[in-house]
Amino acid sequence: MRLLVVEDDAALGQILARGLSEDGYAVDLSTGVADARHNAHNNSYDSMVIDVGLPDGSGLDLCRELRAGGDQTPMLMLTARDALSDKVGGLDAGADDYLTKPFDFPELTARLRALTRRPPDTLGPLLEHGDLKLDPASRRVWHGAITVPLTAREFALLEHLMRRADAIHSRTALLESVWDANYDGLSNVVDVHVANLRRKLSMPGAEAPIETVRGQGYRLSPVVAP
Ligand code: CA
């Protein structure tokens with residue numbers, strides 16, 4: 001899950017970026033309308049968190065502009081306390097939800113989970129693939145009847161694979177979706193996390209649930225009909 005956070009308050013922006021990263025999201029941070037517009041046009045996000053008061057314009061206008069351009073990304077606006085007109089304006093502008101500052105971090109992550117549980121009309125809240133089950137709301141994973149403890153990043157990676165279960169995911173695509181634009185750590189970070197997931201999800205006598213497609217990347221192993 002990749003998020004765009006648009007917040008000009010440097011301290012709050014850093015807190016949000018760090019906290020959401022620890023929660024398993026890949027986070028890009030923009031501090032103004034122009035940079036956010038650039039990011040939104042060049043990347044694909046699962047959700048955006050947009051402050052209303054930005055130095056070079058209004059977050060509401062940005063939201064309206066992106067919607068007018070056909071951007072359907074779930075958007076959550078951050079509004080000043082008691083600025084009721086901001087809240088109404090945010091929903092009018094096409095935002096999906098809003099939070100009033102100051103807010104508790106768990107409240108933000110709860111709202112984001114609700115917004116990114118997509119698409120609600122076709123997918124139940126529980127993702128299933130063969131013996132694997134993943135609940136985005138409670139952030140739990142089961143293999144058969146066994147609960148599998150995963151780190152936040154492993155969970156994000158598995159959720160990404162399960163939401164597009166038939167697709168082959170290149171390392172680059174996974175880095176862009178599950179990590180973020182500024183990731184500059186180990187180049188084999190995807191392989192390391194896939195290896196960890198395979199180890200945690202392996203069952204005696206069963207196929208590994210994630211397979212390598214030579215020269216292309218990874219995908220969930222197809223479910224074999226019983
Ligand atoms: Ca602001």
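1. The structure is a predicted model. The mean pLDDT of the protein chain is 86, and 88% of its residues reach 70 or more. One stretch requires caution: over residues 119–123 pLDDT stays under 50. For these residues the model has two contacts beyond four places in sequence.

2. Overall composition. The protein chain holds 226 residues, of which 46% are buried. Its secondary structure consists of eight helices and 13 strands. The accessible surface of the chain comes to about 11,200 Å², and carbon and sulfur atoms contribute 51% of that area. Among contacts with a separation of 6 or more, 57% link residues 24 or more positions apart.

3. The five-stranded sheet. An open sheet with parallel pairing is formed by five strands in the order E2-E1-E3-E6-E7. Strand E2 (26–30) and strand E7 (97–100) are the edge strands, each pairing on one side only. From one strand to the next, the twist averages 20°.

4. The E1/E2 pair and the packed helices. Strand E1 (residues 2–6) runs parallel to E2 and is joined to it by five bridges. Within this pair, Arg 2 stands opposite Ala 26 in E2. Helix H1 (residues 10–22) packs on the sheet, where it touches E1, E2 and strand E6 (75–79). The direction of H1 makes about 170° with that of E2. Helix H5 (residues 105–116) also packs on the sheet, touching E1, strand E3 (47–51), E6 and E7. The direction of H5 makes about 180° with that of E7.

5. The calcium site. Three residues coordinate the calcium ion: Asp 8 and Asp 51 through OD, and Gly 53 through O. Along the sequence, the donor residues are spaced D-x42-D-x1-G.

Terms used:
Residues are numbered from 1 along each chain as its sequence is written. This is a predicted model: local features need pLDDT of at least 70, side-chain atom pairs count only at pLDDT 80 or more; totals for chains, interfaces and linings use all residues. Side-chain values use heavy atoms; hydrogens and water are left out. pLDDT is the predictor's confidence in each residue, from 0 to 100. Contact means heavy atoms within 4.5 Å. Helices (H or I, at least four residues) and strands (E, at least two) are DSSP runs, numbered from the N terminus. Buried means under 20% relative accessible area, exposed over 50%, partly exposed in between (1.4 Å probe, protein chains only). Accessible areas come from the Shrake-Rupley method with a 1.4 Å probe; for residues, only the protein chains shown count as cover. Two strands pair if DSSP finds at least two bridges between them. Axes are lines fitted to C-alpha atoms, for helices over the stretch in contact, and angles run from 0 to 180 degrees between N-to-C directions. Donors are N, O and S atoms within 2.8 Å of the metal (3.2 Å for Na, K and Ca); water is not among the atoms, so sites may look incomplete.
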